[in-house]
Structures are given as structure tokens and as C-alpha cells.
Amino acid sequence: MRIFGISGSPRLQGTHFAVNYALNYLKEKGAEVRYFSVSRKKINFCLHCDYCIKKKEGCIHKDDMEEVYENLIWADGIIIGTPVYQGNITGQLKTLMDRCRAILAKDPKILRGKVGTAISIGGDRNGGQEIALRTIHDFYIINEMIPVGGGSFGANLGATFWSKDRGKKGVEEDEEGLRVLRKTLNRFYKVLREIKE
């Protein structure tokens, strides 16, 4: 199984750690993994210029999204993580999602049936983590993917962390967050395995 992890954080801190923790956890189960961080990447805004619709050749922008496109197509499963900014996902991650229109214009079924899960990290206990998860799940639903949460009793929509605004250290020390992440990843892996079989 091929898993692509995306960190939507402009910093290499808590989200970077959480997404890589998830990828390493699944790698130990035998998955092949790849990772992308928006940190220090050039990702231009979608202009809604319709170049991708008219030309069917991808996006008018030639930037670091090329790596994202390649890995989204390669993957069976996708993990997207984000810190919470103003109660939702980061602007960088929203731009990445908007730009995915280009690969769907070439092939509307390109992401259909792939499995996706989500991770969110908030500096406050209730900082918008579940709203951020829902935004990521909406991206999966719009693109005909299969969103997987953590299930009832403790994980629900997916993995959430309370970093207490302490970056990587805060995420590493959030034992409940790590437990919920493992629970979510086990369900994600089970769904992936069932689809692959």
C-alpha cells in the first residue's frame, strides 16, 4: 500500500512531527510512504483562469505542486495534516487543495476511490481542530475519495492534538493525541487493506 502524507504547516514543528509519526507507523505495517511539506515551497494561488479546463495539460503554474500531483496520483491512501489557523486549516494547505483542480481537469476520476484521513493540531484545547478535520474530509468527498475518521469513542472525525502552543514538543507530549492518531491510523489501514484485497 502506498501512502502519501502532506503537512500543511509552514513550519517544521508539530504537524511535521505528527504526519511523519503517522507515516512511520504505517511503514512498520508494510506500507510504502512518501512525504511533502508546504514549508518553504513555492505554491502559487489558483487563479481560476481555466487553463487546466481548456488545455487538459495540468496547471498554468509550474511550481512545487508538480511534486504533489505526482504523489497524489501514485498513492492509494492520503494523510493530510494541518495546524489550526483562525479556527481552520492553513492558507498554504487551502491553496494546495485549490490547485488540485488541475489534475482533476485532466482526469475527473484521478482521485476516485483513494482513502484519506486527517490530522489537526491546535494550540488551544478547543482551537478548531474538528473544523479543520471537516475541511480536509470535505476535500476528500468533493474528489470522490473515501474519508476515514477514528470511529466512535475517542477519535470520531480523526486525529486531533493539543500542542499548548509548544510546537513539536507539545505534540510529542500529548499522549491522548498520539493514542487517537494510532486509533485513526488503524482504521485507515484496515479500510485501505480491504479495498486493495
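Predicted model: local features only at pLDDT ≥ 70, side-chain atom pairs only at ≥ 80, totals over all residues.
Residues are numbered from 1 along each chain as its sequence is written, and side-chain values use heavy atoms, with hydrogens and water left out.

Strand S3 covers residues 77–83; strands (E, at least two residues) and helices (H or I, at least four) are DSSP runs numbered from the N terminus. Seven of the seven residues of S3 are buried, where buried means under 20% relative accessible area, exposed over 50% and partly exposed in between (1.4 Å probe, protein chains only). Gly77, Ile79, Gly81 and Pro83 point one way from S3, and Ile78, Ile80 and Thr82 the other way. Strands pair if DSSP finds at least two bridges between them. S1 (residues 2–7) runs parallel to S3 and is joined to S3 by five bridges, with isoleucine 3 opposite glycine 77. S4 (residues 115–122) also pairs with S3 in the parallel sense, over seven bridges; there, isoleucine 119 is the bridge partner of glycine 81.

The structure holds two aromatic pairs. Phe, Tyr and Trp (its six-membered ring) pair if ring centres lie within 6.5 Å; planes under 30 degrees apart count as stacked, over 60 as edge-to-face and the rest as tilted. Phenylalanine 17 and tyrosine 21 have ring centres 6.0 Å apart and planes at 50 degrees, so this pair is tilted. Because they are four residues apart in helix H1 (residues 14–27), about one helical turn separates phenylalanine 17 and tyrosine 21. Phenylalanine 139 and tyrosine 140 form a tilted pair, 6.0 Å centre to centre with 55 degrees between the planes, and both are buried.
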